[in-house]
Amino acid sequence: MKQFKKMRTALIGCGMISKTYLENCCKRFNIFEMAGCSDIIPERSAARAQAYGIKQMTNEEIFADPSIELVINTTYQMSHYTVSKQALLSGKHVYSEKMMAVTFEQGKELDALAKERGLFMGCAPDTFMGAGLQTSRVLLDSGIIGTPVSANAIIVRGYHHERMRTEAEKRFAFCPGGGIIYDVGCYYLTALVNLLGPIRRVCGFSQTRDPGSRIYRHPANPLYGDVMTIETPNNTAGTLEFENGVLCVILTSSESVNVTNSFIIYGTEGKIVLNDPNTFGGPVYVQTKMGEAKEMPLTHAYTDNVRALGAADLAYAIRNGRAPRANAATALHTLEAALGIGESGETGRIYSMTTSAERAAPLEAGYIEYPEMVLDI
Ligand SMILES: NC(=O)c1ccc[n+]([C@@H]2O[C@H](COP(=O)([O-])OP(=O)(O)OC[C@H]3O[C@@H](n4cnc5c(N)ncnc54)[C@H](O)[C@@H]3O)[C@@H](O)[C@H]2O)c1
């Protein structure tokens with residue numbers, strides 16, 4: 001078995017999702033040697049550092065430490081660009097939570113900077129590496145539904161503004177970089193690119209309904225009674241045309257109290273009903289003209305919340321000299337597609353994609369966790 005040097009890694013942004021990341025980075029993937037963690041709110045990094053037996057650091061200490069090779073950026077969306085850029089400028093590889101940046105220009109700049117410096121940049125979502133979507137990939141590639149023709153991704157879930165207790169709770173839903181097409185739509189877009197390949201053109205409509213008349217209603221919120229402004233789309237209907245000719249309807253709305261997640265790929269011989277791509281596991285169903293929809297056995301490992309899998313894959317990729325799966329090209333391509341739907345609505349024109357992304361190499365089938373196991377040397 002090949003032996004690798006562990007990758008000294010630090011995490012920046014010790015909020016909600018950092019717990020899952022640190023749990024998996026410290027206990028599950030032996031490629032990491034966690035150097036420390038930081039947050040602009042020091043109490044948060046202190047708590048995580050203590051819980052995981054790692055060092056509490058500042059961002060500056062992380063950037064200045066030459067032994068740290070990789071920065072995992074789990075700050076909120078509006079900080080992704082700045083933190084990733086500083087890390088790249090300090091000579092670190094970066095794995096960022098989604099989406100990679102708020103604007104397309106920022107995303108392109110990060111991608112170019114990483115390339116220019118010979119560094120790797122990876123980005124969530126990594127759920128497409130989970131058992132559900134890897135099984136779907138096996139099924140699709142096996143030809144069980146014939147040639148894929150069309151798809152739908154429908155994501156409706158109310159972002160109950162009246163329940164928001166804090167600014168942090170509001171941020172993912174109502175601030176730039178957040179909003180349902182970015183916050184949740186990115187899981188579907190990334191899964192679609194991994195299954196169907198790159199997108200050629202997009203069109204659609206993007207709305208910010210009722211942007212300035214809602215009131216903070218949670219009594220524990222310090223802004224109780226104030227007007228809440230919504231600064232990002234909350235109702236979007238788009239169409240994606242893939243390079244392989246597949247047409248997909250994508251609807252994202254946080255304006256209804258209903259909850260619907262529908263994710264289906266239709267082929268000439270049947271359909272695959274995919275798992276919620278915001279999760280790693282199944283179920284996955286196939287229906288062919290032979291009969292009823294059947295739940296299919298999962299062919300791969302990773303059914304639980306294994307966020308940081310994409311970061312581990314990036315670290316293994318660096319050590320192995322291969323392409324990372326949750327990479328900047330896909331992140332930039334999906335960001336462009338999401339923004340392109342809005343631009344199409346504004347201009348009244350179809351938006352032609354300027355970026356492309358390869359389908360990531362599938363994971364090896366089987367129930368072992370990571371085939372590229374690392375031994376400490
Ligand atoms: N919460 C979830 O369930 C979840 C799930 C999947 C992905 N994500 C993604 O993870 C990211 C973080 O989400 P979260 O829910 O943990 O947010 P959060 O607001 O709980 O945590 C973000 C943390 O980053 C810190 N931060 C912001 N700017 C910083 C900077 N410049 N330097 C250092 N620290 C900084 C904040 O102080 C905060 O503690 C987002 O991109 C989100 O889309 C979240």
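This is a predicted model: local features need pLDDT of at least 70, side-chain atom pairs count only at pLDDT 80 or more; totals for chains, interfaces and linings use all residues.
Residues are numbered from 1 along each chain as its sequence is written.

**Stop 1: the two domains**

Colour domain 1 (7-126 + 307-326) and domain 2 (128-295) separately; these bounds come from an automatic or database domain assignment. Their C-alpha centres lie 25 Å apart. The contact takes 13 residues from domain 1 and twelve residues from domain 2, where two residues are in contact if their C-beta atoms, placed from the backbone, lie within 7 Å. On the domain 1 side, α4 and α10 (309-320) are the elements giving two or more residues, and the largest share, three residues, is from α10. That side has six nonpolar, three polar and four charged residues. For the classes, Ala, Val, Leu, Ile, Met, Phe, Trp, Tyr, Cys and Pro count as nonpolar, Asp, Glu, Lys and Arg as charged, and the others, Gly among them, as polar.

**Stop 2: helix α4**

Now select residues 77-89, which form helix α4. Helices (H or I, at least four residues) and strands (E, at least two) are DSSP runs, numbered from the N terminus. This helix has 13 residues and spans 19 Å from first C-alpha to last, close to the expected 18 Å; the expected span is 1.5 Å times one less than the number of residues.

Show side chains for Gln77, His80, Tyr81, Val83, Ser84, Ala87 and Leu88, the buried residues of α4. Buried here means 20 or more other C-beta atoms within 10 Å of the residue's own, exposed means 12 or fewer, and partly exposed is in between, with C-beta atoms placed from the backbone. An α-helix has 3.6 residues a turn, so residues three or four places apart point the same way. The cover over those buried residues includes β1 (7-12), α3 (59-64), β4 (70-73), β5 (93-96) and α5 (104-116). Just past the helix, stop at glycine 91 for its positive phi of about 85°.

**Stop 3: the ligand shell**

Select the 25 residues around the ligand; the closest are Gly13, Gly15, Met16, Ser79 and Glu97. A residue counts as near if its C-beta atom, placed from the backbone, lies within 6 Å. By class, the shell has ten nonpolar, ten polar and five charged residues.

**Stop 4: the nine-stranded sheet**

Next, trace the open sheet with mixed pairing in the order β16-β15-β14-β13-β7-β12-β11-β8-β17. Strands pair if DSSP finds at least two bridges between them. At the edges, β16 (294-295) and β17 (351-352) each pair on one side only. Zoom in on β7 (148-156) and β13 (260-267), antiparallel over eight bridges. Isoleucine 264 in β13 is the bridge partner of asparagine 152, and it also bridges to valine 273 in β14. A hairpin of two residues links β13 to β14.

**Stop 5: arginine 8**

Finish on arginine 8, in strand β1. This residue is partly exposed because 17 other C-beta atoms lie within 10 Å. Beyond neighbours within four places in sequence, arginine 8 contacts Glu33, Ala35, Ser67, Ile68 and Glu69.
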